[in-house]
Amino acid sequence: MGIEPRRIKLLLILAIAAIFHCTSVRCIHTEEEFTEELLLKPLPDRKVLAHFHFTNSLPPTKVHGRHHRLFPKAIYQLVQKFSIREMELSFTQGRWDYERWGGFDPLSSANAKPPGVELWALFDVPIDQIDATWRNLTHALSGLFCASINFLESSATYASPHWSFRPSLVNDDHKINDAEHIINYDKTKGPSSRLRYGSLPREAVCTENLTPWLKLLPCRDKAGLAALMDRPSIYRGFYHSQRLYVLSSEFNSEKTEKQHEGIMLQQTLTLVLQPSNVQTTGNINKQALQPSWSISSLFGRELIGQCLLAKSSSVFLELERTLVEKLESARKDNTNTSLVVGTNYPSFHLNTVPDRVLKETTVSESMSGMPDGSIMFEFLVDKYNESHPLNVGLTWKAPVVWLSLLAPFRANRFLMGSGNARGSIVISLKADKSHKKIWVDDGVYALPGVAGCHISLLVFQVVPWYVRLYFHTFQVFIDGQPRPIWDVVKKMQISPAEDRKSPGVMEIELEIPCNTSSAALIVNFDKGFLRIDEYPPDANQGFDLPSAHISFPGFQANRYYLKEESFTSPLLLGFLSKSTVQLYTEVLLVPLATPDFSMPYNVITLTCTVLALYFGSLLNVLRRRIGEEERYLKSKG
């Protein structure tokens, strides 16, 4: 039976209206999506950066329901149980070398984490339930990842940052907005009233933490890019950081307009490895060449295909901006060779033909004079299989020396003073002089040597209660000269420590002149006394102070690429979004007055020795029979 023309017209009208609606308002995806990506990048100090990036998206529960095919049930239950809007958890072994590996790029700003465990979460529950929800979340994560995250349940171990850690929103273009768009839940208590932050700098990272992390992936480590995660190859690297990031719009008590639809889960694993396969070509000195490497030499195996449940699977090889500048100067000597076509170049050789080449570009007129950007080679994994595996490799043919882009300032933290009574914490900032200009989103900042401008930076530091900070002793030195606090500090939020109840928190926003070469922040402290049951088993080693967090709100690390297809890649989409430049300082080791734990052992040993001698002699005297011994001796004589 045919359809009436009137009904056909009605269906066409509804279809056209739906299309216009999807173009004006972003349509909600009704299917789960999983993507996997791997970024390989040569580093200036003869090492290789390997960054695994997995993204799992879940539509809203009202649309998709509660039954999931790809999204891990454990994470979904955490989000629903604790009303999580945003959460980030990282396990890190080693420290990111900002001077050699860079600090002014989206990858280092988002994935360079402090040693140990770092956790922060944003909840959508009433204010009076935040602390109880945080405690329950730490216990749940501790059991899920086989770690000691439950040690963060005490109010003496976590804090509420006001400006340093900002919640993120996703706009209609799938971009994460910057710090201007803050979820202001409570006008009276500020945006941080529902945010909690904690860190465990001494937490060891091992395979017990990696295995449950891999179980959250649809294919685990049996197929796809995760199959490259050979345990010995991962843990013998110089830096290892596994990160889990959750962004949810399941709870929208404030009715925000721009939000992520559903739940998004990002799992990243960032490694810095030393290539074991060093090859050279010609008679060039081996020490002058960068080491050649491939996927098989880094991970001990080749890539035999993608995860069948993944929507897309790609491997990227990145040449950063400063390296491209050096290669471009070498290319001028050979005009017949192009830097972005083929596999054979004047300074290096690719053993696999890339499927696409993406080149960084500029979109702002104020940045039109910007030098050549980075180059990204993309290899699609779905083209390869077990009989034809993918083994991306880079072989250097000529020596190349370059430096990574650094943050406006390099930060170090150390202790001053002696003895177990008092001391000082010093945060030293040194300007980066390797680059004359730092390019940001809104213009150009010249560093150093240009007066009339200021650089804004946020310093966030959490100190355990037994290190009592005296905030009235806070001092600021610019180029070795003391400066009044009110001339440098724009705003400050401090929270003195309370014994066994809350840590000391210092959050300061500073404005430093652009022509500053060095700066130092100093604050004095006294050391408290612990009860004997509060000392760890290795008390004589000292106590670790969590890393300080430093961010530069005026500097955004983002990248733009020529190809519009880059917007389909979650990894490149993260590079496109605005990411505030940030870094972490070292973990401080503070010795405290430690009791002599050997005294109980000495007392027990001495007491037992005396008792043994006494009872031994007493029993010997009581059991001896003198008459029988004399008769026995006479009979023998």
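Which cysteine forms a disulfide with Cys453, and how many Å apart are their sulfur atoms? Cys453 is joined in this way to Cys514, with the two sulfur atoms 2.0 Å apart.

The views below show a predicted model, in which local features need pLDDT of at least 70 and side-chain atom pairs count only at pLDDT 80 or more, whereas totals for chains, interfaces and linings use all residues. Residues are numbered from 1 along each chain as its sequence is written, and side-chain values use heavy atoms, with hydrogens and water left out.

**View 1. The disulfide of Cys453 and Cys514.** A disulfide is taken here as a pair of cysteine sulfur atoms within 2.5 Å, and by this rule the count comes to two. The bond between Cys453 and Cys514 links distant parts of the chain, 61 residues apart, with Cys453 in the loop between strand S18 (444-446) and strand S19 (454-463) and Cys514 in the loop between strand S23 (504-513) and strand S24 (518-527). Helices (H or I, at least four residues) and strands (E, at least two) are DSSP runs, numbered from the N terminus. Cys514 has a relative accessible area of 0% and is buried, where buried means under 20% relative accessible area, exposed over 50%, and partly exposed in between (1.4 Å probe, protein chains only).

**View 2. The disulfide of Cys219 and Cys307, and two further cysteines.** Cys219 is joined to Cys307 by a disulfide with an S to S distance of 1.8 Å, and the link is right-handed, with 70 degrees about the S-S bond. This pair, too, links distant parts of the chain: Cys219 lies in the loop between helix H7 (207-214) and helix H8 (231-235), and Cys307, 88 residues apart from it, in the loop between helix H9 (295-299) and strand S10 (312-319). Both Cys219 and Cys307 are buried. Cys146, by contrast, is partly exposed at a relative accessible area of 45%, and its sulfur is 8.6 Å from the closest cysteine sulfur, that of Cys206, which is too far for a bond. Cys608 is also partly exposed, with a relative accessible area of 45%.

View 3. The strands follow the order S5-S6-S4-S3-S7-S8-S2-S1-S10-S13-S12-S27, with mixed pairing; two strands pair if DSSP finds at least two bridges between them. Strand S5 (158-159) and strand S27 (560-561) stand at the edges, each with a single partner strand, so one side of each has no neighbour in the sheet. Helix H7 packs on the sheet, touching S2, strand S3 (84-93), strand S7 (239-248) and S8, and its direction makes about 40 degrees with that of S7. Helix H10 (residues 321-331) lies across strand S1 (33-42), S10, strand S12 (356-361) and strand S13 (375-380), and runs at about 60 degrees to S10. The axes are lines fitted to C-alpha atoms, for helices over the stretch in contact, and angles run from 0 to 180 degrees between N-to-C directions.

**View 4. Gln266 and the pairing of S2 with S8.** Strand S2 (residues 48-58) and S8 are antiparallel and pair over eleven bridges, with Phe54 standing opposite Gln267 in S8. Gln266, found in strand S8 (residues 263-273), is buried at a relative accessible area of 13%. Not counting residues up to four places away in sequence, Gln266 touches His53, Phe54, Thr55, Arg243, Leu244 and Tyr245, where contact means heavy atoms within 4.5 Å.

**View 5. Ser374 in its loop.** Ser374 is found in the loop between S12 and S13 and counts as buried, at 1% relative accessibility. Apart from neighbours within four places in sequence, the residues in contact with Ser374 include Glu318, Arg321, Val324, Leu358, Arg559 and Tyr561.

**View 6. The hairpin of S15 and S16.** Strand S15 (residues 409-416) and strand S16 (residues 422-431) pair in the antiparallel sense over eight bridges, and Arg413 has Ile427 in S16 as its bridge partner. Five residues lie between the strands of this hairpin, in which Gly417 takes a positive phi near 105 degrees.
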